[in-house]
Amino acid sequence: RITSLSNLTVELNASNPGGFREHYTTATFKNSAALQLQILDIFVQEVETIKDAADSLPALVMQPITLPMIRLFCKNGGNALGISEGDGPLLLMNLAILWSSIADDERITSAAARVISRSNEMARSMGLDYRYIYQNYASLSQNVFAGYGDENQRRLVETSKRYDPDRVFQNLQPGYFKLDGENGGSLV
């Protein structure tokens with residue numbers, strides 16, 4: 001079938017009913033099938049603690065960051081993410097949970113935090129941990145910019161001070177992650 005992007009957007013929106021609460025969080029690891037199986041076990045254990053939450057829909061998505069992908073985003077002189085070809089291949093984990101009742105907020109966000117914490121601990125014990133935190137999936141408690149590495153953090157802060165000394169772009173966007181550490185640790 002041939003259709004427009006706007007029609008596809010309307011269809012996609014119909015499959016995502018409103019009124020749900022959502023929580024996203026993420027971690028990145030060096031790629032390993034054994035680690036993925038351990039993370040899946042952790043996820044299943046923690047979902048057991050929240051399975052009775054009204055309308056809950058927990059999802060664990062593993063996305064590879066392949067060597068060819070890393071080569072491409074490093075092609076033009078590196079990248080602000082601090083990921084180099086020698087770091088890969090990597091595995092990006094996205095934990096997403098939807099539910100309907102505000103009464104379940106604390107226990108669901110706590111379960112998600114435990115999945116991340118336990119997964120990071122498991123990866124560390126296997127020598128497979130990695131610092132990068134994908135901003136679009138990060139929870140507000142995660143320090144996204146720390147995952148970019150010290151050199152890239154400094155460069156981003158210097159660029160911001162140079163081209164936006166009055167912090168217009170930092171202040172126009174409410175919430176989310178800021179270079180000065182709002183929702184994720186101080187950088188400047």
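## Overall layout

Six helices and four strands make up the chain. The model is predicted.

Along the principal axes, the C-alpha atoms occupy a box of roughly 50 × 45 × 40 Å. The chain has 188 residues, of which 34% count as buried. Of the contacts between residues at least 6 apart in sequence, 72% join residues at least 24 apart.

## The sheet

The four strands form an open sheet with the order β2-β3-β1-β4 and antiparallel pairing.

β1 pairs with β3 in the antiparallel sense over ten bridges. In this pairing K30 stands opposite L90 of β3. Strand β2 (residues 57-65) is joined to β3 by nine bridges, and these two strands also run antiparallel; here P64 has L91 of β3 as its bridge partner. The link between β1 and β4 consists of two bridges, again antiparallel, and T28 has Y130 in β4 as its bridge partner.

How much of β3 is buried? Nine of its ten residues are, so the strand is largely enclosed by the rest of the structure.

## Helices on the sheet

α2 lies across β1, β2 and β3 and runs at about 165° to β2. α4 lies across β1, β3 and β4, and its direction is at about 0° to β1.

α2 and α4 also pack against each other, at an angle of about 155° and with their axes 9 Å apart. Angles over 145 degrees count as roughly antiparallel, and α2 and α4 are therefore roughly antiparallel to each other. Their crossing is right-handed. On the α2 side the contact involves L35, Q38, I39, I42, F43, Q45 and E46, which meet A111, R114, V115, R118, S119, M122 and A123 of α4.

In soluble globular proteins, nonpolar side chains tend to be buried together. In this model the largest nonpolar core contains 20 residues, and F29, L35, M93, L95, I97 and I108 have the most contacts inside it. At least two residues of this core come from each of β1 (21-30), α2 (33-48), β3 (90-99) and α4 (105-125). α4 gives the largest share, six residues. A second, separate core has 16 residues, including L92, Y132, I133 and F177.

Apart from neighbours within four places in sequence, L95 is in contact with H23, Y24, T25, F43, A59, L60, A112 and V115. One of these, F43, also belongs to the residues of α2 that meet α4, and V115 is among the α4 residues that meet α2.

## Loop residues and backbone

Q135 is located in the loop between β4 and α5 (150-163). Is Q135 buried or exposed? Its relative accessibility is 19%, and the cut-off for buried is under 20%, so Q135 counts as buried. Not counting residues up to four places away in sequence, Q135 touches V144, F145, Y148, Y176 and F177. F177 is also included in the second core.

Most residues other than glycine have a negative phi, and most peptide bonds are trans. The peptide bond joining G88 and P89 is cis, with omega about 0°; P89 lies in the loop between α3 (67-73) and β3. D55, which is not a glycine, has a positive phi of about 55°, and D55 is in the loop between α2 and β2. R167 likewise has a positive phi, near 60°. R167 is found in the loop between α5 and α6 (168-172), and with a relative accessibility of 26% R167 counts as partly exposed.

How values were computed:
Residues numbered from 1 in each chain as written. Predicted model: local features only at pLDDT ≥ 70, side-chain atom pairs only at ≥ 80, totals over all residues. Heavy atoms only, no water. Core = buried A, V, L, I, M, F, W, Y, C linked by side-chain atoms within 4.5 Å. Buried < 20%, exposed > 50% of the residue type's maximum accessible area, 1.4 Å probe, protein only. Contact = heavy atoms within 4.5 Å. Pairing = 2+ DSSP bridges. Axes fitted to C-alpha atoms, helices over the stretch in contact; angles between N-to-C directions. Parallel < 35°, antiparallel > 145°, perpendicular 65-115°, else oblique. Left-handed = near helix turned anticlockwise from the far one by under 90°.
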